[in-house]
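This briefing is intended for a reader meeting the structure for the first time. Please view the sequence and the model before reading the points that follow.

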Amino acid sequence: MNSPRVAIVTGAARGIGAAVAERLAADGLAVAVVDLGEQACAEVAARIESAGGRALAVPIDVSDEDSVARGVALVAERLGPPTVLVNNAGVLRDNLLFRMTNAEWSTVMDVHLRGSFLMSRAAQAHMTKEGFGRIVNLSSTSALGNRGQANYAAAKAGLQGFTKTLAIELGKFGVTTNAIAPGFIATDMTRATAERMGVSFEELVEHGVKDIPAGRVGTPADIAAVASFLAREDAGFVNGQVIYVAGGPKG
Ligand code: NAD
């Protein structure tokens, strides 16, 4: 199958998104590196290019409809129709329910849910036209419930329903939609969690590892490997699944 291979990875300036972008580029895809700031996107794009890949830095705020429309159009114009989309951009606004502000609730919903909706709606137009597409959404083990994350858990559980519905609607166009639900992955996001909890990152890791059968926390590369598989052309019969990547059977 000679399908165009252009990927968009959101939240790709660092952490899991950057690892996914670099992995897809190494797999031979042209990759649009999407995040909030041009400079941060440019650095990851430059790293991909210096490793011999093809990349384009595209600043997009995924929660903003105009920004998404402009950004996805730019990708199509400069790299070709995007047929792989990894909805990875994310934020935390942790708080216990009784203290959670409306803004903390809305920001998390806007980036994770609205962002994935806007990006997927814009990208599917290209995918259905090409008769090929791969959408990968980043959920989380927090979808199963996590203290202090009513907003984030709701958004990540919501993304699982979103994933399954897109799988049903888009399957007949050759477009699959799946979700990856990571457990504890060492990134700036989990470092920020340690800081907020008033513990060192090493302490947070030591505490977290006790509950992980694999005996270690995850790395961005662990998630990139699964995204790489789901983006493959021969993964076309895997659709509407949530893959927990958490070092053990319990999310
Ligand atoms: P991170 O905070 O290191 O990176 C997230 C990136 O998203 C940042 O570069 C940020 O600028 C970008 N972003 C935020 N809002 C955006 C917006 N409106 N538009 C575009 N980009 C935006 O996080 P990470 O740990 O790499 O996590 C990546 C994804 O994986 C997130 O969706 C997160 O919820 C999910 N996840 C992470 C873990 C973990 O342990 N790190 C576990 C489960 C799920």
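Helices H4 and H5 cross in the right-handed sense, where right-handed means that the near helix is turned clockwise from the far one by less than a right angle, and left-handed means anticlockwise. The model is a predicted one, in which local features need pLDDT of at least 70 and side-chain atom pairs count only at pLDDT 80 or more, whereas totals for chains, interfaces and linings use all residues. Residues are numbered from 1 along each chain as its sequence is written, and side-chain values use heavy atoms, leaving out hydrogens and water.

**Packing of H4 and H5**
- H4 (residues 102-130) and H5 (residues 150-170) pack at about 15°, with their axes 9 Å apart; axes are lines fitted to C-alpha atoms, for helices over the stretch in contact, and angles run from 0 to 180 degrees between N-to-C directions.
- The two helices are therefore roughly parallel, a term for angles under 35 degrees.
- Residues in contact (heavy atoms within 4.5 Å) include Trp105, Met109 and Phe117 of H4 and Tyr152, Leu159 and Phe162 of H5.
- By class, this contact has 13 nonpolar, seven polar and two charged residues; Ala, Val, Leu, Ile, Met, Phe, Trp, Tyr, Cys and Pro count as nonpolar, Asp, Glu, Lys and Arg as charged, and the others, Gly among them, as polar.

**Packing of H1 and H2**
- H1 and H2 (residues 38-50) pack at about 30°, with axes 10 Å apart, which makes H1 roughly parallel to H2.
- Their crossing is right-handed.
- Ala18, Ala21, Glu22 and Ala25 of H1 meet Val44, Arg47 and Ile48 of H2; by class, the contact has five nonpolar, no polar and two charged residues.

**The sheet**
- Seven strands form an open sheet with parallel pairing, in the order S3-S2-S1-S4-S5-S6-S7; two strands pair if DSSP finds at least two bridges between them.
- S3 (54-59) and S7 (242-245) stand at the edges with a single partner strand each, so one side of each lacks a neighbour in the sheet.
- The twist from one strand to the next averages 20°.
- S1 (residues 6-10) pairs with S2 (residues 30-35) over five bridges, and Ile8 stands opposite Ala32 in S2.
- H1 (residues 15-26) lies across S1, S2 and S4 (84-87), at about 170° to S1.

**The whole chain**
- The protein chain has eight helices and seven strands; these are DSSP runs, numbered from the N terminus, with helices (H or I) of at least four residues and strands (E) of at least two.
- Its C-alpha atoms fill a box of roughly 50 × 35 × 35 Å along the principal axes.

Notes. Angles under 35 degrees count as roughly parallel, over 145 as roughly antiparallel, 65 to 115 as roughly perpendicular and the rest as oblique.
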